[in-house]
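Please open the structure in the viewer and keep the selection panel at hand.

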Amino acid sequence: MEYVLQTENLTKVFGKKPAVRQVKLNVKKGDIYGFIGKNGAGKTTLIRMAAGLASPSEGTIHLFESNDLDEQRKKVGTMIENPAVYPHLTAKQNLTNYCYLLGLDPKEHVEPMLQFVGLTDTGKKKAKNFSLGMKQRLAIGIALLNNPEFLMLDEPINGLDPTGIKEIREMILKLNKEKSITILISSHILGELSKIATRYGVINDGCMIDEFTKEELEERCTQALEIKVDDLKRSEEIIRKLGITDYKVLDENKLRMQTNIERAGEINTELAKSGVMVMSSTVVGMDLEDYFMNLMELKNNQIK
Ligand code: ATP
């Protein structure tokens, strides 16, 4: 089994307004899937549909490559928007209650979960008096009680201070690495997601703009020198002579060199000396934040 969540043509319309439009999304087993979009882009609505909390207007959902969603959802943990924490109960009482709801023995599950989410020393303190980070950790603990293979976390770092963000980030990495849990995490904070995500889906105005891996993102965002030449074969010989092996042939007269921006002048001179005509020489690539903003703006312009 390769895919944990797949949607095809998934659409949700509220009244006349589509919140999610024909979305195709693919979360692979083992992924930390960063689901990125601005406020109101449709992230929560999509997660709610995957979790069975909202019904699609159109389209299909597969979990663990099956359309028997009720059965498959037993293997899914979710934390969506306002966490399911009872404010008047302590962390221990919250977890105990959820154990009963799930038919689990609290004696077996509560203490280890309190430990895992770092809330063992909260004693009689009620959840309403917790910091936002503590509440989020408790909510993740609740979502983990049924021992899920796939965890969907909607904006778990929204509103947290840097320490809170770091704690959640480390918890997500631990769940993914040590417990092999596939995780979908939605956020509008790109910089944070990029520290942990292995695959990305970018949603804007209900439409999935693009899906790509961490490696693809790195490649797109790393600065590189792109040259357009009239003789590709000869150009390859020359740049290899210059000791440059980290290059890619893009088409019949375009090359991209990943690590040699600072050598642009030297490369162009050597090519010219050997009779190669350099039609263009450009530095490509941008930083992460710019890349995402560009993706979204491009799409906005298409919609307008
Ligand atoms: P946020 O981070 O702000 O929650 P989001 O990406 O999760 O953003 P959604 O909450 O899915 O976005 O909202 C997508 C759109 O659907 C928004 O325009 C929102 O106002 C609308 N919407 C969401 N839920 C409902 C609802 N129950 N009834 C009507 N409109 C809704």
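In this tour, helices are DSSP runs of H or I with at least four residues, strands are DSSP runs of E with at least two, and both are numbered from the N terminus. The model on display is a predicted one.

**Stop 1: the ligand and its shell**

Select the ligand together with the residues around it. The shell comprises 13 residues, of which G40, G42, K43, T44 and T45 come nearest. Sorted by class, five of the shell residues are charged, five are polar and three are nonpolar.

Next, colour the secondary structure elements. Which elements each supply at least two residues of the shell? They are β2, spanning 17-28, and α1, spanning 43-51. The largest share belongs to α1, which contributes three residues.

**Stop 2: polar atoms facing the ligand**

An N or O atom in the side chain of K17 is 3.3 Å from an oxygen atom of the ligand. At G42, a polar backbone atom lies 2.9 Å from an oxygen atom of the ligand. The ligand on its own has 630 Å² of accessible area, and the protein covers 60% of this area.

**Stop 3: a nonpolar surface patch**

Select Y86, L101 and L102, and switch to a surface view. These three residues make a nonpolar surface patch of about 290 Å². Y86 is placed in the loop that runs between β5 (76-79) and α3 (91-102). Is Y86 buried or partly exposed? Its relative accessible area is 33%, so Y86 counts as partly exposed.

**Stop 4: two residues with positive phi**

Select F64, in the loop between β4 (58-63) and α2 (69-72). The phi angle of F64 is near 50°, which is a positive value in a residue other than glycine. F64 has a relative accessible area of 8% and is therefore buried, the limit for that term being under 20%.

Finally, select S180. This residue is found in the loop that joins α6 (162-178) and β7 (182-187).

Key
Residues numbered from 1 in each chain as written. Predicted model: local features only at pLDDT ≥ 70, side-chain atom pairs only at ≥ 80, totals over all residues. Heavy atoms only, no water. Near = heavy atom within 4 Å. Polar contact = N/O pair within 3.5 Å; in protein donor to acceptor, adjacent residues only side chain to side chain. Areas by Shrake-Rupley, 256 points an atom, 1.4 Å probe, with all protein chains shown as cover. Nonpolar A, V, L, I, M, F, W, Y, C, P; charged D, E, K, R; others polar. Patch = residues over 30% accessible without salt bridge, like charges linked within 9 Å, V, L, I, M, F, W, Y side chains within 5 Å. Salt bridge = Lys/Arg side-chain N within 4 Å of Asp/Glu carboxyl O. Buried < 20%, exposed > 50% of the residue type's maximum accessible area, 1.4 Å probe, protein only.
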